[in-house]
Amino acid sequence: MSRRRPWRISLVSLGCAKNTVDSEAALGSLLGEGHALAVEPADADLVLVNTCAFIEPARQESCEVIAEMLGLKDRRGRPRVAVMGCFPQKDGAELERRFPDLDGILGLDAYANLPELCRRILQGEQLRQYGRRVEATATADPHAAPSPRLLLTPASYAYLKIADGCDNVCAYCAIPQIRGPLRSRPEDAIVHEARDLLAMGVRELILVAQDTTAYGKDRGAGAGLAGLLRRLLGETDAARLRVLYA
C-alpha cells in the first residue's frame, strides 16, 4: 500500500474505564507516529477493537463488534481488522478459531510496540501475538511513565490509571488471569500525568485501577492511596478527585 497519505486508523473501545485509558494511550502513540484518526471504521485502513472479557456478556459484545467490523471489509480486504486487549490475553485461541479472517490478534504485551505491529498488519502481515503471561513483564510496566493520550471523555474529566492488575485472586474473578498481579505506578509519574491532564483543561480526575484501595501495597513504601490523594490535592489544582473500583 502506498504511503502517499497517512494510514487512517479507527479504534472501538469496549469495557471499563481502565480499557478507555488503554485505548487513549494507544491512539496517542499511533497518532504520534504520523497515523491519522478515522472516526468512522468504514473510512479506516485499520480498525482496532479493544476488547473486554471480564464476564460472558462482555465477551459476547466483543464478538458481535468484531463480526460487525469484519463485515466492513471490501474485496481487497480493507479495512484491516485487529483485536487487542483483554479477550486476546485471556483466550486468543478462541478468537482465532471464531474469526480466522482477523488481521491481528494482539494481547496486552502489544501495547508496548503497537505502532510497529500496526505497520506490519497494514503491510499485509497476519499477526497472532497473544498468550504471554503479564507477570513476565510486570517489572517493565508500560504504565509506569506518562504516555501521550487522545482523550475519549468529555473535556471536563479524564480517567487517571494508578495501577494495573490485582493480587486478590477471588474465585469468581478472571482479572488476575488477564491482567496479572498488582503493579502500582510510581506516585511521581501519576502526579506528572495529572498535571498534564489538567493543563489540557480537565477539571475532574477519576482515579482507576483494578483495586484502587490496594494502591502501593506492591511497592512496599509510601502511604498508599491516602498518600497519593494527599499529593494530588497538594500538588495539583484539580477541582475534583474521584476514586473508582475501591
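Y245 is placed in the segment after β11 (240–243). Strands here are DSSP E runs of at least two residues, helices are H or I runs of at least four, and both are numbered from the N terminus. Phi of Y245 is near 65°, a positive value in a residue other than glycine. Y245 is partly exposed, with a relative accessible area of 37%. In these terms, buried means under 20% relative accessible area, exposed means over 50%, and partly exposed lies in between (1.4 Å probe, protein chains only).

The model is predicted: local features need pLDDT of at least 70, side-chain atom pairs count only at pLDDT 80 or more, and totals for chains, interfaces and linings use all residues. Residues are numbered from 1 along each chain as its sequence is written, and side-chain values use heavy atoms, with hydrogens and water left out.

Further backbone features follow. V169 has a phi near 50°, again positive in a residue other than glycine. V169 sits in the loop between β8 (163–164) and α5 (175–179). Its relative accessible area is 60%, so V169 is exposed. R78 and P79 are joined by a cis peptide bond, with omega about -5°. P79 belongs to the loop between α2 and β4.

W7 lies in the segment before β1 (8–13). W7 is buried, with a relative accessible area of 2%. W7 and A42 are 35 residues apart along the chain. Their C-alpha atoms are separated by 13 Å.

Helix packing was examined next. Two packed helices are described by the angle between their axes and the distance between the axes. Axes are lines fitted to C-alpha atoms, for helices over the stretch in contact, and angles run from 0 to 180 degrees between N-to-C directions.

The axes of α2 (residues 56–70) and α3 (residues 86–98) come within 12 Å. They cross at roughly 50°. The two helices are therefore oblique to each other. Angles under 35 degrees count as roughly parallel, over 145 as roughly antiparallel, 65 to 115 as roughly perpendicular, and the rest as oblique. α2 passes α3 in a right-handed crossing. A crossing is right-handed if the near helix is turned clockwise from the far one by less than a right angle, and left-handed if anticlockwise. On the α2 side, the contact involves R59, S62, C63 and I66. These residues meet F87, K90, D91, E94, L95 and R98 of α3. Contact means heavy atoms within 4.5 Å. By class, the contact of α2 with α3 has four nonpolar, one polar and five charged residues. Ala, Val, Leu, Ile, Met, Phe, Trp, Tyr, Cys and Pro count as nonpolar, Asp, Glu, Lys and Arg as charged, and the others, Gly among them, as polar.

R59 is part of helix α2. R59 is buried, with a relative accessible area of 11%. Neighbours within four places in sequence aside, R59 is in contact with C52, A53, F87, K90, D91 and E94.

The axes of α1 and α4 come within 9 Å and cross at roughly 70°. α1 and α4 are therefore roughly perpendicular to each other. Their crossing, with α1 passing α4, is right-handed. A26, S29 and L30 of α1 meet L114, P115 and C118 of α4. The residues of this contact divide into five nonpolar, one polar and no charged.

Helix α4 spans residues 114–122. Within α4, L114, P115, L117, C118, I121 and L122 are buried. Seen down the helix axis, the buried residues of α4 fall within an arc of 160°, so they line one face of the helix. The arc is that of the directions from the helix axis to the C-beta atoms. The cover over these buried residues includes α1 (17–32), β3 (46–51), β4 (80–85), β5 (104–106) and β6 (127–129). G124 follows α4 and has a positive phi, near 110°.

Helices α6 (residues 187–199) and α7 (residues 224–235) pack at an angle of about 35°. Their axes are 10 Å apart. The crossing of α6 and α7 is right-handed. From α6, the contact is made by E187, D188, I190, V191, A194 and R195. From α7, it is made by G224, G227, L228, R231, L232 and E235. By class, the contact of α6 with α7 has five nonpolar, two polar and five charged residues.
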